[in-house]
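Hi,

Here is the structure I said I would pass on. Have a look through it first, and then read my notes below.

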Amino acid sequence: MGWTFSHPLYSLTTEDQNKEAQYVWEHENLGGIAENNNPLPRPVIGLLLLTYITAMAITFPLYGQRPTAAIFADYVTLMNSAEVQKVLHDKKLSHEAADEKAMALIEKTLQHFDSPYNFQRQQHHITMNQLRMIAPKIVELQRSGADLEEYTIVGPTVAKANFFNIQPDGTVIAKQPWWDKGYTIAVWWFLVFCAAVIITVKRLPHFTWQPDHSIAH
Amino acid sequence: MLKYLFANEEDIPQGSTALFFAFSSIAWFIIGTGLGSFNAAKLAFPDFYHNVYWLQFGHMRQVHVHAVIFGWIAMAFAASMMYITPTLGNTKLWSEKLGVWNCLLYNVGLCLALALLWSGMTSGREYSDHIWPIDLYIAFVMVVPWALNVWMTVLNRRTQGIYTTNWFFAACMFMTIIVFLIGNLPEFFHLTGLNEAYMTWWFAHNILGLLITPVAAAITYYIIPKITGNPLYSHRVGHLHFWSIVVFYSTPAAHHLMSSPLPEWLKSFASVEGVLILVPAIAYVSNILLTMQGKWSMFIENIEVKFTITGVFLAIPLNMQGGFQQTRAINWYIHGTGWIVAHAHLALLGFSTFAEAAAVYYGIQVLLRRKLYSSSLANFHFWMLLIGFSLYWVSMTIAGLIQGAAKIYEVPYIDVVIAEHPYMIVRWLGGTMVFLGNIVWMFNMYMTATAGDHVPEGRQPAEVAYTR
């Protein structure tokens with residue numbers, strides 16, 4: 001199974017060794033990682049599988065992602081509503097108390113509506129002061145027709161978090177799936193790795209420590 | 001050394017390059033750990049030498065980091081490659097003359113680079129601290145000739161196929177040159193912002209992942225089969241290790257920047273790849289430990305095996321930490337704390353140093369055909385290194401957990417400084433033990449070179465009895 005190119009990718013493999021390699025190729029299990037002379041111990045194979053499952057499970061992006069502008073769009077709408085503005089301008093309340101009462105009112109109102117962002121809202125609690133800072137930018141984006149899911153809140157900034165999908169004319173050809181694109185890439189990366197390593201390992205040319213005196217260097 | 005610079009290639013004894021690199025590396029190890037001990041003293045006792053501006057921590061830290069990485073770690077790698085590559089290829093080193101020049105200019109360049117860092121001329125980027133003229137010198141005068149010698153020796157081999165160790169040596173030199181030149185782009189072209197941050201950590205991560213840990217592993221792939229006499233348990237698992245290093249270790253740079261505004265998908269991808277470094281780790285550690293079958297007594301009796309296997313054992317917590325500490329949930333807690341400092345020392349002072357020390361011990365003995373001068377001093381060195389390192393690692397890990405808790409619960413900074421004081425003292429003690437152990441090592445190796453018993457041709461140094 002060795003290569004038979006001439007110099008510089010010459011093969012040191014003879015026809016007999018090729019035949020032996022072919023026999024091994026056709027008779028071994030587990031993609032050739034458990035080789036004919038020394039099988040990889042089952043616990044090690046188990047550990048490798050466990051590693052892959054753990055890698056996917058522990059990095060699953062439930063926590064730690066930045067909030068998108070979309071999850072606060074309803075907050076902004078409600079903040080600008082007459083009821084909330086009334087609370088915010090209530091002269092009988094202190095500034096902080098008015099903020100807290102208004103935010104409580106917004107959150108209570110939001111509970112009456114089903115939203116795909118409920119979980120993310122719980123993770124990214126927002127105060128009225130923060131909402132005031134990002135609200136004008138979110139309104140502006142809504143007016144321009146932008147997809148708020150492609151924008152991320154970083155402190156007081158609403159930043160475009162999309163790097164690939166928005167075309168110059170504004171059409172969106174692919175959206176960030178809820179489980180994260182980096183995740184999809186990682187799955188493909190792993191599958192391609194497995195395929196490449198199995199092919200590489202199976203096609204390795206004959207190896208021995210013994211010198212080959214037929215080749216003059 | 002100087003007499004070989006202008007000698008004919010045939011007149012330079014084989015192994016000269018490896019020996020010069022080996023002794024240089026020990027000298028730089030003493031300097032580097034001495035600087036480390038000095039810096040640790042500053043952290044433990046902040047009033048110590050506080051009037052001397054050019055000895056302050058901000059000046060000295062980078063000098064320590066680069067003295068150990070470029071001085072000790074890299075030169076011990078060069079020493080190992082310069083004798084292991086030809087041995088595994090059943091041939092001579094391609095050019096001893098190039099190697100001798102390489103070693104001289106390496107030492108000169110490193111002195112210059114450290115002097116500039118010390119004087120405050122830095123790029124300001126962690127791990128790629130050098131200014132661009134020094135970067136170019138490192139790439140083209142220090143690393144390319146070294147890589148050329150390794151590649152040409154592999155090409156001129158007289159064996160059938162290439163052994164795992166030489167796969168790693170040749171590929172890691174190639175990847176290092178690429179990583180170094182691309183990683184320093186912010187310095188060459190003045191990139192700023194996220195590009196700069198990402199490049200900086202892409203460089204810092206890959207210099208660890210594609211040079212330091214795989215070459216240390218490659219050394220153990222040679223030392224363990226060679227000294228125990230057992231063939232490597234599985235050549236193919238070695239390949240699984242090699243290719244998974246290339247695929248999983250070259251991609252997780254973004255996990256150093258989990259709190260930055262990098263795109264989330266990049267962080268997710270990096271984080272998955274970060275956990276998948278356990279694939280090469282498991283393949284590697286199980287391969288080496290299975291190779292030890294039936295020879296475990298040598299872990300006690302033989303100094304090189306003792307160093308190597310200790311290094312392999314340290315690779316287990318290293319990879320467990322490395323795999324998981326970068327995930328979002330854990331990184332949130334330990335990012336920017338002493339935990340990371342402990343982890344970095346586990347990689348450099350733990351795993352790689354122990355593997356390399358074995359290669360330098362073994363290399364000096366076989367190249368000079370002289371037996372180690374004192375087994376007791378070598379054991380003393382081993383324990384000073386292991387206990388010193390363990391004190392350092394444990395104390396900095398605890399300090400890191402305290403800092404993490406304080407960060408999350410917003411404890412006032414000065415209270416954290418007070419809480420960490422005892423651990424800073426233990427850190428200094430541990431680092432100083434390593435430094436003192438290395439002085440003993442240099443003495444032992446000097447005496448080996450001048451007064452060690454001769455080892456007959458065809459025998460292992462460990463097979464020869466002490467006659468004194």
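Among contacts in chain A between residues at least 6 apart in sequence, what percentage join residues at least 24 apart? The answer is 58%. Before I go on, bear in mind that this is a predicted model.

Staying with chain A for a moment, its secondary structure consists of eight helices and three strands. If you walk along the sequence, they come in the order α-α-α-α-α-α-α-β-β-α-β. As for burial, 14% of the 217 residues in chain A count as buried.

On to chain B, where I counted 17 helices and one strand. The radius of gyration of chain B is 22 Å, close to the 23 Å that the globule rule gives for 468 residues, so chain B is as compact as a globular protein of that length. Its C-alpha trace spans about 65 × 50 × 45 Å along the principal axes. Buried residues account for 57% of the 468 residues in chain B. If you take the contacts in chain B with a separation of 6 or more, 84% of them are between residues 24 or more positions apart.

One helix pair in chain B is worth a look on screen. Helix 2 (residues 16-44) and helix 4 (residues 96-118) of chain B have axes that come within 8 Å and cross at roughly 15 degrees. That angle is under 35 degrees, so helix 2 of chain B counts as roughly parallel to helix 4 of chain B. The crossing of these two helices is left-handed. On the helix 2 side of chain B, the contact is made by B:Ser16, B:Thr17, B:Phe20, B:Phe21 and B:Ser24, while helix 4 of chain B brings in B:Glu96, B:Gly99, B:Val100, B:Cys103 and B:Asn107. Sorted by class, that contact has four nonpolar, five polar and one charged residues.

Most residues other than glycine have a negative phi. B:Asn90, however, has a positive phi of about 55 degrees without being a glycine. You will find B:Asn90 in the loop between helix 3 (57-88) and helix 4 of chain B. B:Asn90 is partly exposed, with 14 other C-beta atoms within 10 Å.

The other one is B:Tyr127, also not a glycine, with a positive phi near 75 degrees. B:Tyr127 sits in the loop between helix 4 and helix 5 (132-155) of chain B. Its 18 C-beta neighbours inside 10 Å make B:Tyr127 partly exposed.

Cheers

Key
Residues numbered from 1 in each chain as written. Chains lettered and ligands numbered in written order. Predicted model: local features only at pLDDT ≥ 70, side-chain atom pairs only at ≥ 80, totals over all residues. Helix = DSSP H or I, 4+ residues; strand = E, 2+ residues; numbered from the N terminus. Rg over C-alpha atoms; globule rule 2.2 N^0.38 Å. Buried ≥ 20, exposed ≤ 12 C-beta atoms within 10 Å, placed from the backbone. Contact = placed C-beta atoms within 7 Å. Axes fitted to C-alpha atoms, helices over the stretch in contact; angles between N-to-C directions. Parallel < 35°, antiparallel > 145°, perpendicular 65-115°, else oblique. Left-handed = near helix turned anticlockwise from the far one by under 90°. Nonpolar A, V, L, I, M, F, W, Y, C, P; charged D, E, K, R; others polar.
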